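Please keep the sequence and the 3D view at hand.

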Amino acid sequence: MGKTSDLTAVQKTIIDTLHKEGKTQKVIAKEAGCSQSSVSKHINRQAKGRKKCGRKKCTSSRDNRTLQRIVTTNPFKNVGEIHKEWTAAGVSASRTTTRRLMKDMGFRCRIPCVKPLLNKKQCKKRLAWAKDKKDWTDAEWSKVMFSDESKFCISFGNQGPRVWRKSGEAQNPRCMRSSVKFPPSVMVWGAMSSAGVGPLCFLRSRVNAAVYQEVLEHFMLPAADQLYGDADFTFQQDLAPAHSAKTTSTWFKDHGIPVLDWPANSPDLNPIENLWGIVKRRMQYARPNNAEELKTTIRATWALITPEQCHRLIESMPRRITAVIEAKGAPTKY
């Protein structure tokens, strides 16, 4: 049996209703599913008009509104900075109280979503593109092979994993995370469709038109055979210089592969960006020591991507397009 403060709103309603009907506390306790003492304390509290006991709040409603305004105006400040600004306004409260009130207001500390920076011309083109593709069906999107490059580092920054350790184990190698000034990284090219993922290509040098065409020849074409067989498909790529070069356009024409027109700076429209995110989240607790181990981890994690996951991402294209239209071409969450 819980204390009076543990009574739910339903239990309190039952107690109040039965008490008005003249029922005994024993009967009320049985109906409400609580102890008789809890019923007695609740009835006495209601009779005295006292809702709750405890220490008086150290902040007023006006102080709380000031805190909410500070957080809303400066959402990227940490708790210490917010607390300093709040107390500078004449409020006497601890940092713990600041954090607790922010939590009570519904604020949570999260990694911010990333949106591309677009100018008006780009927004206008994105909106026109979205309107042109708004009637495409899932079957039409399933014929599109999406591609992109992504960078993977051995160190993923200060958002990496935390460690459970006991006192005195701070210097234990098992509890330490390696850190280097310039962490090794690899650039990866990949492709996906609703049928699954294609083979990865690890890029060793800066990608120019010639290098990109080698990637298309040795990785994109095998991926197309793997994902589509003899069926027709459309290839998607962004507007990177190597992708939009004249020699690259000639390569596509010579191979008879249609390329999907694509708005500039629009990663939020490309479902493979979500796929890269899935791979990096799964690799969060991996600890590769060098670039070769990093490549091995990426390959193993990429191989775990299922066709069902890819199909769900492709099915999100109509929702992405609707979001762009509603935002009038502005960047959206992806």
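Helices here are DSSP runs of H or I with at least four residues, numbered from the N terminus. With that in mind, look at Lys 328, which sits in the segment after helix H15 (317–326). The model you are viewing is predicted, and in it the phi of Lys 328 is near 55°, a positive value in a residue other than glycine. Lys 328 is also exposed, with a relative accessible area of 66%.

You will find Asn 265 in the loop that runs between helix H11 (246–255) and helix H12 (272–282). Its relative accessible area is 37%, so Asn 265 counts as partly exposed.

Now turn to helix H6, which spans residues 95–104 and includes Arg 95. Arg 95 is partly exposed, because its relative accessibility is 46%. Leaving aside residues up to four places away in sequence, Arg 95 touches Val 79, Gly 80 and His 83. Glu 81 lies 14 residues from Arg 95 along the chain, and 9.9 Å separates their C-alpha atoms.

Finally, let's visit the cysteines. How many disulfides does the structure hold? There are zero. Among the cysteines, Cys 109 is exposed, given its relative accessible area of 77%. Cys 201, on the other hand, is buried, with a relative accessible area of 6%, a value that falls under the 20% cut-off for buried residues.

Key:
Residues numbered from 1 in each chain as written. Predicted model: local features only at pLDDT ≥ 70, side-chain atom pairs only at ≥ 80, totals over all residues. Heavy atoms only, no water. Disulfide = S-S within 2.5 Å. Buried < 20%, exposed > 50% of the residue type's maximum accessible area, 1.4 Å probe, protein only. Helix = DSSP H or I, 4+ residues; strand = E, 2+ residues; numbered from the N terminus. Contact = heavy atoms within 4.5 Å.
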